[in-house]
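I have opened the notebook for a new structure.

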Amino acid sequence: DDGTDRDLSTSSLTLSSNYSLSFHSGFNINTTVNYARGDARATTFEVIGANAGLGHSFFERRLNLNLTGGFSRNSTTTEVAGQSAGMTQQQITGNLSVMYRASRSNTIRLTARAINNSLIEGAGLDFQELEVRLSINQRF
């Protein structure tokens with residue numbers, strides 16, 4: 001025996017709940033809540049998040065509009081040589097999707113995704129992202 005701790009055991013827990021409601025009028029609502037936690041020999045993590053969204057279809061469902069927002073908080077703690085280091089960050093997200101079906105074979109889609117990542121504790125950087133995409137699909 002070389003005295004090395006060979007404990008490779010891990011444990012984790014993941015919980016998630018989703019609720020969606022759609023109406024004949026084309027209006028829909030959705031929510032999601034999630035939680036995850038895990039432990040390994042020298043690392044522990046925890047994730048808590050929630051999302052909510054609204055959508056509506058217009059003009060005999062030829063135009064669809066969806067908006068979603070979310071929040072997530074992630075924490076990690078690592079222990080090395082008796083020293084503990086932690087990092088906690090939170091993210092706020094937003095998504096917008098607009099799709100127009102011009103004909104059976106033609107669709108135009110605009111999507112926008114924004115994220116704001118804030119460092120609460122530990123080493124790392126705050127950042128913001130914005131991604132916008134426009135796609136036109138034509139089937140022949």
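Is Glu131 buried, partly exposed or exposed? I looked up the accessibility. Glu131 comes out at 25% relative accessibility, so I log it as partly exposed. I note here that the model is predicted.

**Entry 1: the charged network**

I counted the salt bridges. The total is three.

I began with Glu129. Glu129 forms a salt bridge with Arg113, and their closest N and O atoms are 3.2 Å apart. Glu129 sits in strand 7 and Arg113 in strand 6, so this pair ties together parts 16 residues apart in sequence.

Next I followed Arg113 to its other partner. Arg113 also forms a salt bridge with Glu131, with the closest N and O atoms 3.1 Å apart. Arg113 belongs to strand 6 and Glu131 to strand 7, so the pair ties together parts that are 18 residues apart in sequence.

Then I checked Glu131 again. Glu131 forms a salt bridge with Arg133, and here the closest N and O atoms are 2.6 Å apart. Through shared partners, the salt bridges join Arg113, Glu129, Glu131 and Arg133 into one network.

How exposed is each of the other members? I took the values in turn.

- Glu129 has 35% relative accessibility and counts as partly exposed.
- Arg113 has 31% relative accessibility and counts as partly exposed.
- Arg133 has a relative accessible area of 54% and is exposed. The cut-off for exposed is over 50%, so Arg133 passes it.

Seven strands make an open sheet in the order 1-2-3-4-5-6-7, with antiparallel pairing. Strand 1 (11-22) and strand 7 (127-138) are at the edges. Each has a single partner strand, so one side of each has no neighbour in the sheet. On average, neighbouring strands of this sheet are turned by 10° against each other, direction ignored.

A reminder on pairing: strands of a sheet pair through backbone hydrogen bonds, either parallel or antiparallel.

I then went through the pairs.

- Strand 2 and strand 3 (residues 43-58) run antiparallel and are joined by 13 bridges. Phe27 stands opposite His56 in strand 3. The hairpin from strand 2 to strand 3 passes through three residues.
- Strand 3 and strand 4 (residues 63-80) pair antiparallel over 16 bridges. Ala52 stands opposite Gly69 in strand 4. Their hairpin has four residues between the strands, and Phe59 in the turn has a positive phi of about 50°.
- Strand 5 (residues 83-103) and strand 6 (residues 106-121) run antiparallel, with 15 bridges between them. Tyr100 stands opposite Ile108 in strand 6.

**Entry 2: a nonpolar patch**

Which residues form the nonpolar patch on the surface? I listed Tyr100, Ile108, Leu110, Leu130, Val132, Leu134 and Ile136. Together they have about 680 Å² of accessible area.

Where does the patch come from? Strand 6 and strand 7 each supply at least two of its residues. Strand 7 gives the largest share, four residues.

Val132 lies in strand 7. Its relative accessible area is 52%, so Val132 is logged as exposed.

I kept one general point beside this entry. In a regular strand the side chains alternate between the two faces of the sheet.

**Entry 3: Asn34**

Last, I looked up Asn34. Asn34 is in strand 2 (residues 27-39). With a relative accessible area of 26%, Asn34 is partly exposed.

What does Asn34 touch, leaving out residues up to four places away in sequence? I found Leu15, Ser16, Val47, Ile48 and Gly49.

I also took one distance. Asn34 and Ser105 are 71 residues apart in sequence, and their C-alpha atoms are 38 Å apart in space.

Conventions. Residues are numbered from 1 along each chain as its sequence is written. This is a predicted model: local features need pLDDT of at least 70, side-chain atom pairs count only at pLDDT 80 or more; totals for chains, interfaces and linings use all residues. Side-chain values use heavy atoms; hydrogens and water are left out. Buried means under 20% relative accessible area, exposed over 50%, partly exposed in between (1.4 Å probe, protein chains only). Contact means heavy atoms within 4.5 Å. Two strands pair if DSSP finds at least two bridges between them. Axes are lines fitted to C-alpha atoms, for helices over the stretch in contact, and angles run from 0 to 180 degrees between N-to-C directions. Patches are made of residues with over 30% relative accessible area and no salt bridge: like charges are joined within 9 Å, nonpolar side chains (Val, Leu, Ile, Met, Phe, Trp, Tyr) within 5 Å. Accessible areas come from the Shrake-Rupley method with a 1.4 Å probe; for residues, only the protein chains shown count as cover. A salt bridge is a side-chain nitrogen of Lys or Arg within 4 Å of a carboxyl oxygen of Asp or Glu.
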